[in-house]
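Please consult the sequence and coordinates shown below while reading.

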Amino acid sequence: MKQNRKTMKKTILICIMPFLATMTTMADSEVMICANNATAENTTLTLPQGKLTGSDNGGILFKIKGQYSGYCQLDMGRMSKLIYIEDGGRLTVNRNLVTKEYVYKGKGAAENDYLASHEYERIILKDDAKNGNALNDSIKKREDRLETEKSLSATFRRLEALRQRYGVLNAFYRQTGWDSSALPQVAAWMEEHPELWMTQAYRSFYLDALYTIGMQKGGKAIHDYTNAELHYAADNIADITLRDLVAHHVMTTYMTQRGANDADDLMSLYLSMSHDDTMRSHISDEYRLWEKVKRGSSIPDFAFGDTQGNKVMLSDLRGKYVLIDCWATWCGPCKAQLPHLEKTMERYAGKNIVFISISSDKKRDAWLKMVNDRNMKGIQLNEPDAEADFFTLFRVNAIPRFILLAPDGTVQDSHLPRPSDPALNTLLDELVGNK
């Protein structure tokens with residue numbers, strides 16, 4: 001039966017064609033993505049070992065070296081999908097643009113159907129989770145259910161049972177809380193399954209468990225618990241792939257929150273334990289960029305337009321600490337911080353500190369209206385270019401973001417706590433005192 005042109009336009013065909021190349025010690029696979037909107041630039045396949053880029057070859061061709069059966073992430077434009085690939089399998093995935101449904105054909109079709117129907121399954125622990133009965137019963141129920149699916153491959157059933165187990169564990173610890181009393185049991189659940197890393201259930205549990213261990217061993221300061229996390233990974237994770245993935249995440253998280261501040265020893269430890277060249281290069285590159293705005297760094301002078309259209313230079317404010325709020329009128333979290341920021345201004349009125357707010361609004365009228373309607377205090381400035389040199393230097397990729405410059409114009413802190421966090425007052429009290 002012929003498919004009419006209208007129906008054809010509603011359907012994206014993704015052809016995933018792994019094949020087994022017979023070798024003595026390993027089997028290489030290839031994955032072909034065939035879709036009317038797939039390009040080598042917008043289509044990637046991510047495995048625990050890293051993100052693969054494909055080549056145009058009658059579709060987007062990905063080459064996977066060595067044996068691999070497990071989960072991977074297919075990204076094509078804005079579409080992202082967790083899929084299961086079994087070594088040597090041949091799988092075709094059809095996605096309907098209207099219904100958003102996926103239809104699988106070939107080897108692995110039944111496994112992916114099962115995954116699709118259970119990936120976002122709601123997990124409810126009705127009993128008192130603290131006694132562990134609800135946890136064990138829920139895990140056993142899922143294991144028994146999978147055992148009845150004899151048509152599914154043994155490899156998939158094993159991995160899917162683990163994936164669902166970690167989904168239950170996430171629900172369990174969200175209900176009971178992650179604290180030091182849970183550590184013995186948590187550590188026992190931290191099994192090494194790099195083939196599960198692409199699944200949200202396993203990755204979230206493992207990283208939350210590691211964070212709990214880091215806090216218990218290192219303390220609440222971010223440098224100290226990050227250091228403990230890295231040491232734990234170096235000493236306890238035997239699988240090199242998983243160790244590299246965990247260490248990469250830990251360092252990325254630290255730099256997102258603290259940049260390169262107080263991180264020389266962390267970077268040294270990371271490099272001593274990391275084996276993956278791509279991950280090492282990524283972390284090293286990120287660290288070099290963050291070093292440009294670490295504490296004590298000199299920065300260029302910058303000019304911004306104020307509400308009257310005049311230029312204000314950062315150098316005009318030398319001699320005082322300068323607290324900078326990067327925000328925008330359309331940013332809900334930014335607006336939520338404004339009452340707290342106003343209280344901070346009141347607390348340090350008359351002290352050796354000045355407050356400036358740099359809006360990234362492109363619509364100047366909307367910015368001016370909010371500044372006037374709220375009678376916003378401090379120096380109000382606007383920089384409509386989100387890729388302006390100041391934002392690029394300080395790597396302002398998300399707002400609100402708070403930055404503090406020292407009286408000599410150097411960087412004091414590129415990642416200040418938000419005004420709603422009492423830690424900000426603690427820091428400013430040490431620097432400028434309070435009333």
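By class, how many nonpolar, polar and charged residues does the lining of the largest cavity have? The answer is given under the heading on cavities.

## Basis of the model

This is a predicted model, in which local features need pLDDT of at least 70 and side-chain atom pairs count only at pLDDT 80 or more, while totals for chains, interfaces and linings use all residues. Residues are numbered from 1 along each chain as its sequence is written, and side-chain values use heavy atoms, with hydrogens and water left out.

## Overall architecture

The protein has 14 helices and 17 strands, taken as DSSP runs numbered from the N terminus (helices H or I, at least four residues; strands E, at least two). Of its 435 residues, 50% count as buried, that is, under 20% relative accessible area with a 1.4 Å probe and protein chains only. The accessible surface, from the Shrake-Rupley method with a 1.4 Å probe, comes to about 21,800 Å², and 50% of that area belongs to carbon and sulfur atoms.

Contact means heavy atoms within 4.5 Å. Among contacts between residues at least 6 apart in sequence, 64% join residues at least 24 apart.

## Cavities

Rolling a probe the size of a water molecule over the atoms shows where empty space is left. On a 1 Å grid over the protein atoms alone, a cavity is a set of points where a 1.4 Å probe fits but cannot get out, and a pocket is an open set with protein on both sides within 12 Å along at least five of seven lines; lining residues have an atom within 4 Å of a point. Points are joined across faces, edges and corners, and a volume is the space filled by probe spheres set on them.

The whole structure holds 4 cavities of 30 Å³ or more. The largest has about 80 Å³ of space, and its lining includes Ile299, Pro300, Asp301, Arg318 and Leu405. That lining has 7 nonpolar, 2 polar and 2 charged residues, where Ala, Val, Leu, Ile, Met, Phe, Trp, Tyr, Cys and Pro count as nonpolar, Asp, Glu, Lys and Arg as charged, and the others, Gly among them, as polar. The second largest cavity, of about 50 Å³, draws 4 lining residues, its largest share, from helix H11 (residues 332-347).

The largest pocket has a volume of about 830 Å³. It is lined by 33 residues, of which Thr256, Gln257, Arg258, His415 and Leu416 are the closest to its centre. H8 gives the largest share of this lining, 6 residues; by class the lining has 14 nonpolar, 8 polar and 11 charged residues.

The second largest pocket contains about 430 Å³ of space. Among its 21 lining residues, Glu119, Tyr120, Arg163, Gln200 and Ala201 are the closest to the centre. Here the largest share, 6 residues, comes from H4, and the classes are 6 nonpolar, 8 polar and 7 charged.

## Nonpolar cores

A nonpolar core is a set of buried Ala, Val, Leu, Ile, Met, Phe, Trp, Tyr and Cys residues joined through side-chain atoms within 4.5 Å. In the largest core, of 82 residues, Tyr71, Met190, Val246, Ile324, Phe390, Phe394 and Leu405 touch the most other members. H4 supplies the largest share of this core, 9 residues. Apart from it lies another core, of 20 residues, among them Ala38, Ile60, Tyr104 and Ala109.

Beyond its neighbours within four places in sequence, Met190 is in contact with Phe205, Tyr206, Ala209, Leu210, Ile213 and Tyr232.
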